[in-house]
Amino acid sequence: MGSKYTKRYTEEFKRDAIALVDSSGKTVTAVTRELGISSESLRGWYRNAKADRGEGAPGELTSAEREELKRLRKENREQQQTIEILKKATAFFVKENDR
């Protein structure tokens, strides 16, 4: 679980940190020490950037695909809630009709 004091980095900072790993030949750990950031953060950014460039592991999602999946899951959740409400309403009206 993340801390409630998690530091947020700009997209520009993330791009620059990734570019530094690519161009300097240094390891992710060395770059994180220089920048004073978490190595896990930079590893995640770097892995996502590679996936976006088509260099990721087979089956790894790009940022666009992750966003679409997030949107579709939310839409699915909302539709499931709507279905549950309609089921309850149908049961209510059937019961009312039987009186």
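The model you are looking at is predicted, so please read the description as one of a model.

Let us start with the helices themselves. Two packed helices are described by the angle between their axes and the distance between the axes. With that in mind, find helix H1, which covers residues 11-24, and helix H2, which covers residues 28-35. Their axes come within 10 Å and cross at roughly 130 degrees. Angles from 65 to 115 degrees count as roughly perpendicular and those over 145 as roughly antiparallel, so H1 is oblique to H2. The crossing of these two helices is right-handed. If you zoom in on the place where they touch, you will find Phe13, Ala17, Leu20, Val21 and Ser24 on the H1 side. Facing them from H2 are Val28, Val31, Glu34 and Leu35. By class, this contact holds 7 nonpolar residues, 1 polar and 1 charged.

Next, follow the chain to helix H3, residues 39-52. H1 packs against H3 too, with the axes 10 Å apart and an angle of about 80 degrees. Because of that angle, H1 is roughly perpendicular to H3. From H1, the residues that take part are Phe13, Lys14, Ala17, Ile18, Val21 and Asp22. They meet Leu42, Trp45, Tyr46 and Ala49 in H3. Here the residues divide into 8 nonpolar and 2 charged, with no polar ones.

The remaining pairing to visit is that of H2 with H3. Their axes lie 9 Å apart, at an angle of about 125 degrees. This makes H2 oblique to H3, and their crossing is right-handed. Val28, Thr29, Val31 and Thr32 are the H2 residues in this contact, and their partners in H3 are Ser39, Leu42 and Arg43. The contact is made up of 3 nonpolar, 3 polar and 1 charged residues.

Now turn to the largest pocket. Its volume is about 400 Å³, and 16 residues line it. To find its centre, look for Glu11, Lys14, Gly44, Trp45 and Asn48, the lining residues that lie nearest to it. Which helices supply at least two residues each to the lining? They are H1, H3 and helix H4, which spans residues 63-97. H3 gives the most, with 6 residues. By class, the lining of the pocket divides into 4 nonpolar, 6 polar and 6 charged residues.

Definitions and conventions:
Residues are numbered from 1 along each chain as its sequence is written. This is a predicted model: local features need pLDDT of at least 70, side-chain atom pairs count only at pLDDT 80 or more; totals for chains, interfaces and linings use all residues. Side-chain values use heavy atoms; hydrogens and water are left out. Axes are lines fitted to C-alpha atoms, for helices over the stretch in contact, and angles run from 0 to 180 degrees between N-to-C directions. Helices (H or I, at least four residues) and strands (E, at least two) are DSSP runs, numbered from the N terminus. Angles under 35 degrees count as roughly parallel, over 145 as roughly antiparallel, 65 to 115 as roughly perpendicular and the rest as oblique. A crossing is left-handed if the near helix is turned anticlockwise from the far one by less than a right angle, and right-handed if clockwise. Contact means heavy atoms within 4.5 Å. Ala, Val, Leu, Ile, Met, Phe, Trp, Tyr, Cys and Pro count as nonpolar, Asp, Glu, Lys and Arg as charged, and the others, Gly among them, as polar. On a 1 Å grid over the protein atoms alone, a cavity is a set of points where a 1.4 Å probe fits but cannot get out, and a pocket is an open set with protein on both sides within 12 Å along at least five of seven lines; lining residues have an atom within 4 Å of a point. Grid points are joined across faces, edges and corners, and a volume is the space filled by probe spheres set on the points.
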